[in-house]
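Dear colleague,

Please find below a structure for your attention. My notes on its aromatic contacts follow.

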Amino acid sequence: MPSAQTLRSSVLVTPGKPALLTTDAGGDPAGWASAHRDALREVLNVHGALLVRGLGLTDVASAGAAFRGLSAELMTEREAFAAREDHGGGVHSATKWPANQQMCMHHELSYTVRFPGVMMFACTTAPAAGGATVVADAAAVLAALPGDLVARFEREGWILTRSYNDEIGASWEEAFGTDDRAEVEGYCKSNGIAFEWTDDDGLRTRQRRSAILTHPVTGARTWFNQVAFLNSATLAEEVREYLVEEYGIDGLPFNTRFGNGEEITADVVATINEVYEAHTVREPWQSGDLLLVDNIACSHGREPYSGDREVLAALADPIHVSDCAPTVEVTL
């Protein structure tokens, strides 16, 4: 089997770009993925994200076979923020997001207690322009954020509130994978989520989570959350005003707060996003590419694009937050 050292020597590291490995799968991307699985994971521990070029991932079948060859377990998503198309076998579309809008940096499902350790993306159709899946080193982001802000988040954690309705994002049935209220309530109770049903058959939830984790393999402390992405300040002003008028401030589809319940202001969100941008690396997709992202070591986002873009995703190798030395406990 190829060694991690052999793979590392073939990885191209260029400032401003994710680590890149160019290879030839010989027409068998699934076989290549299985053969290189352990070595790729070791390389991922070094770089946090790795773009593999030359696999020839052209459709759901080839991408899914490669995903399964690289992973011990592909997750079923719960608490989804936005609906994905489910292709079966642990293969999904990338999160649906308007093509002309930036998707802010985030760590996938960072508000859950069991989240993917690795995100896998396969580009079957590259866009005409833009559309890169961008990444940022979460340890570097943590180090670059203002010390007093980090200390507060380390001490208090962060709170996510959600109001599920038909306006924006996934419905509660889509997010929890069931239309059984009792099943949803059981999930919330076992995952530290406060909940209430609303008169219009909606659902409101509240959960407190750690903003900083320690990587269970490398020991690196990382900024791991969706504080900026899911803050209401990311909504277009006219959209936010409409939603507040329609549903009230507590009925916004999502919002984040400091762990003590105080508001996270727009200037704090801007500071976080500025640090993200300063540490963002990007490489335009080519059809057939595979991108592996260590979900604790790196955040990821997506740039606006034009033309058709087909990117498939898999949430792989789940990790429980308790294995990552959270700085706050999961509480209601």
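Rings of Phe, Tyr and Trp (its six-membered ring) are taken to pair if their centres lie within 6.5 Å; planes under 30 degrees apart count as stacked, over 60 as edge-to-face and the rest as tilted. On that basis, there are 6 aromatic pairs in the structure.

The model is predicted, so local features need pLDDT of at least 70 and side-chain atom pairs count only at pLDDT 80 or more, while totals for chains, interfaces and linings use all residues. Residues are numbered from 1 along each chain as its sequence is written, and side-chain values use heavy atoms, with hydrogens and water left out.

One of the pairs joins F115 and F224: the planes stand at 45 degrees with the ring centres 4.8 Å apart, so this pair is tilted. F115 belongs to strand β6 (residues 114–125) and F224 to the loop between β13 (221–223) and α8 (237–247), so the pair ties together parts 109 residues apart in sequence. Helices (H or I, at least four residues) and strands (E, at least two) are DSSP runs, numbered from the N terminus. F115 and F224 are both buried (under 20% relative accessible area, with a 1.4 Å probe and protein chains only).

F176 and Y187 pair edge-to-face, at 5.5 Å centre to centre and 70 degrees between the planes. F176 is in helix α6 (residues 172–176) and Y187 in helix α7 (residues 181–190), 11 residues apart. The relative accessible area of F176 is 4%, so F176 is buried.

F153, W223 and F258 are linked into a cluster by ring pairs. The charged end of R152 sits over the ring of F258, 3.7 Å from its centre (CZ of Arg or NZ of Lys within 6 Å of the ring centre and within 35 degrees of the ring normal).

Yours sincerely

Technical notes:
Buried < 20%, exposed > 50% of the residue type's maximum accessible area, 1.4 Å probe, protein only.
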